[in-house]
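Dear colleague,

Please find the structure below, handed over for your further work. My findings follow directly after it.

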Amino acid sequence: MDTLAQLANGFGVALTPMNLVWSFTGVVLGTAIGVLPGLGPALTIALLLPITYKVDATGVFILFAGIYYGAMYGGSTTSILLNTPGESASIITSLEGNKMARRGRGGAALATAAIGSFVAGTVGTLGLTFVAPIVVDFALKFGPAEYFSLMILAFVTVSAVLGNSAIRGLTSLFFGIWLGLIGIDLQTGQARFTFGILELLDGVNVIVVAVGLFAVGETLYLAARHRYGRDEILPVKDSLWMTREDWARSWKAWFRGAAIGFPIGAMPAGGAEVPTFLSYYVEKKLSKKPEEFGHGAIEGVAGPEAANNASAAGVLVPMLTLGLPTSATAAIMLSALQSYGINPGPQLLMTQANLVWGLIASLYIGNVMLLVLNLPLVGLWVKILAIPAPLLYGGILVFATIGTYGISQSPIDLILLYAIGGIGFLMRKYDFPTAPVIIGMILGPLAEQEFRRAMTIAQGDVTVLVTRPLSLTLLVLAALAVLSPYIYRWWTRARS
Amino acid sequence: MWTRRDMLMASLAGSTALVAGAGLSGRVLAQAIDTLQIFVPAAPGGGWDQTGRTIEAVLKANKQINAAQVTNVGGAGGAVGLPQFVNQWKGRPNSIMVAGMVMVGALIANKSPVNLSQTLPLARLTGEFEVVVVPGPSPHKDMKSLVEQLKKDVGSVSWAGGSAGGTDHILVGMICQSQGLDPKKAAYVAFAGGGPAQAALLGNQVTCGVSGWGEFSEQVKAGKLRALAISSDKRVPGLDVPTLKEQGIDVELFNWRGVFAPPGVTDAEREKLTKMVEAMANSQAWKDELQKRDWMGILLTGKAYEDYIKSENVRIEAILKNLGLA
Amino acid sequence: MREGSAGAIAVAVGVVTVGIVVGWQTTLIPMTPAYAKVGPKVFPTMVSASLILLGLTLLWQAWAGRWRAEAEGEASPTDWRALGWLGFGLVFNVALIGLLGFILASTVLFASVARAFGSRKTARDLAIAFVFAMVCYLGFARVLGINMGAGLLESFL
């Protein structure tokens, strides 16, 4: 009951006219930058960090949360109509969504993505409101050994996005892991792969790599085959109303996606990528029409989109209750919190009740705004994509420049951005998937650090990974994920 | 490490600044300082950035300056920013850099070609003590029992803290050293900062944790972590935490922050900036900020501060060597 | 050998080279203190070995003509002129953003990207680019107070 009272108090904060304006500005801005390929919420919030010196903390966080949720909605529009994921979590949406749009089912894809985002966003926010303390208690039991086992599980599920060729997918993955290893080693303070460049000591910024691959690389690729690919932005030919069959195939996927997305997002090191992959994997396995996957299956849009939004709410759980950022966006939001001199941590809910509950309440409000903004007005957002290609991509590259140069004013970062862009171009040309690079970059160093932490704590005893029950459970799950196709095949063969 | 060429360049830059300054001097001297340039060799949001922004706010509130512009050049504990401050900001009037102990360590560990002695120290402003904490359920009630376990088997005590070679790691090294143990053998588990280290402590995954008091204070107040010792020379008023010295560990450490002027500015310019910072540090607005942010005011200026920087360099280099990092 | 597999072979050789460079750089990571039970070289060594192995497999696939680029990939010829314009814009930007400042460097970048995408209205593009860069600069540098660096025009604004 205390929670409900707090939430009511939060609505009191979020419904003040000024905070409603912040929320509205956030969701509009978020949707717009989500729609534009190459601009993600992390980048946008990073660019907006300086307003923390001019606006009060509650307003700023309501704005940021609006951007965060809005970008998830907008990202799906681009993934479906342009096949250019705005951020790594909507890569999966583009797999099936873009195929649907190519088959003239863009409207249905957009609708299932938007409604699914709303459903899962609301479920996720409910989870954030009520389940947070329980999830946190569970997540707190995780030590480095468990985190490492969790990474193993995550790496196993990455195979879902390796693309046409496992060899090329793995090459991308290991390239990403290597990029992630660049910089000072946290455990020993030794510089690795910095080639004597001081700027590389802090590592390669994942935002630079993501923007390089997705914005610069994509621009290079599209320019190189420009005359052959003028029709990249797909028109919405069908109605936005989903058919009865669409609803039947979507609603379970939404809830399954939310059920996968929220807990994984809430788990430290969860993030948004893993649950979207997992959801896709699950929907593919459960679908009555698995043959449609890869050619535009609606569950393949509904599930991952829902998982994406639910995980966005989940990521806020460790961020708000423990002060632990589990995604780039959360990390940037936390640094904004710290610039107000507010210490994130378990006390935050007590000491900054208005801020936290106002933020949570604004998420409910923002979600409704987003559904209204996105579904009927999708035509308006698509207009952003109708900007002539020469101007759109010109603008994107200038924005990409601001995102890197404006933060560090370091030519090294610009060179890195363009170099990664060149690599992204080659990867697109020779059909290497780009998503595993980002996954490897995020998960690789995490896995390494957690493994080494676990070993230091256990004084070099590798068996901790299997003697700790939680860790063992995660490893068994990972083994099952690897073996289940074989077991399933063996089982069906044995039965017949 | 001043080479003849550097000296020449510095004096050249200094005289250029003088010439350039002459034309402006009328306007500049009329009002204390029009626009203060604040160089922060860290990304926005961190401790140095907060210090820089607070300096800006207090100076403005005191009407000591009209405006300020903050430039952030983050990376490698300041090792990326410092060369820029030393080279590109050389001789610039009305400019200060915020830095601190972390930079001294980062420069040594990264074998940086530039160091803080190439800047002109103005004043040490704030400090934060380090605290040793254990998880709530831990059997350790004081440093004595922790040290006993440490002496029995160094590797069995796992320490959570910030990145290797940082303030937290240095304190662990000093504690081990004071007990006659090899600091290299301490099972130090590095996290990306006090926040992430907290999670391992709250989950009772490590024996103990080391970080700035501000990082753990909330949890200690909530009773989820127990503070065993603080790294100050004497007890901090209002804090019921014994010092390391009280418990027979002759170690004292605090993470200080201060301001520096770029090389090549005139003595008069340096004097003016020092006066400005001193006046600020003694103002009520600054004291209110210290209170609000849990910072400790430890003002030190002039020759004493310059000597302090030199001694810190020597002390930290020795510890990092013993940790195998320098 | 199929048409276009020369490029594939080059890419495979590139992957092997990256693997070798990673391995070579790993040997340069300094000796580490004793407390780290697993040192900083373990994962890099694994990454290096994996990249070399994957690169060799790719090389074999490319050589045997088994590199099936199922997506559009190699099917469409590359428009080198477009890439040239883009490359020019990027290199120009990196080289001169410090000297000319954000606005002018971005104007040129924008216009060369537009050119790469087939626009022939260079004067119009330059005008739009200039206004766009100006608005960006004013928005980020003046309203939000981000330091976008100095430059020819920036000093006058």
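In this predicted model, G121(A) is part of helix α6 of chain A, which covers residues 106-130. The residue counts as buried, because 28 C-beta neighbours fall inside 10 Å of G121(A) and the cut-off for burial is 20 or more. Apart from neighbours within four places in sequence, G121(A) has contacts with Y69(A), N309(A), A313(A) and N367(A). A distance may also be of use to you: the C-alpha atom of G121(A) lies 8.5 Å from that of S311(A), although 190 residues separate the two along the chain.

I turn next to the contact of chain A with chain C. Chain A contributes 54 residues to this contact, and chain C contributes 61 residues. On the side of chain A, the elements that supply two or more residues are α3 (41-48), α9 (166-181), α10 (206-224), α18 (389-408), α19 (411-429) and α20 (435-457). Of these, α18(A) gives the most, with 12 residues. By residue class, the side of chain A that touches chain C consists of 31 nonpolar, 15 polar and 8 charged residues.

Finally, a remark on confidence in chain B. The average pLDDT of chain B is 81, and 89% of its residues score at least 70. Residues 1-31 of chain B, however, have a pLDDT below 50. Beyond near neighbours in sequence, that stretch makes 19 contacts in the model.

With kind regards

Note on methods: Residues numbered from 1 in each chain as written. Chains lettered and ligands numbered in written order. Predicted model: local features only at pLDDT ≥ 70, side-chain atom pairs only at ≥ 80, totals over all residues. pLDDT = per-residue confidence, 0-100. Contact = placed C-beta atoms within 7 Å. Helix = DSSP H or I, 4+ residues; strand = E, 2+ residues; numbered from the N terminus. Nonpolar A, V, L, I, M, F, W, Y, C, P; charged D, E, K, R; others polar. Buried ≥ 20, exposed ≤ 12 C-beta atoms within 10 Å, placed from the backbone.
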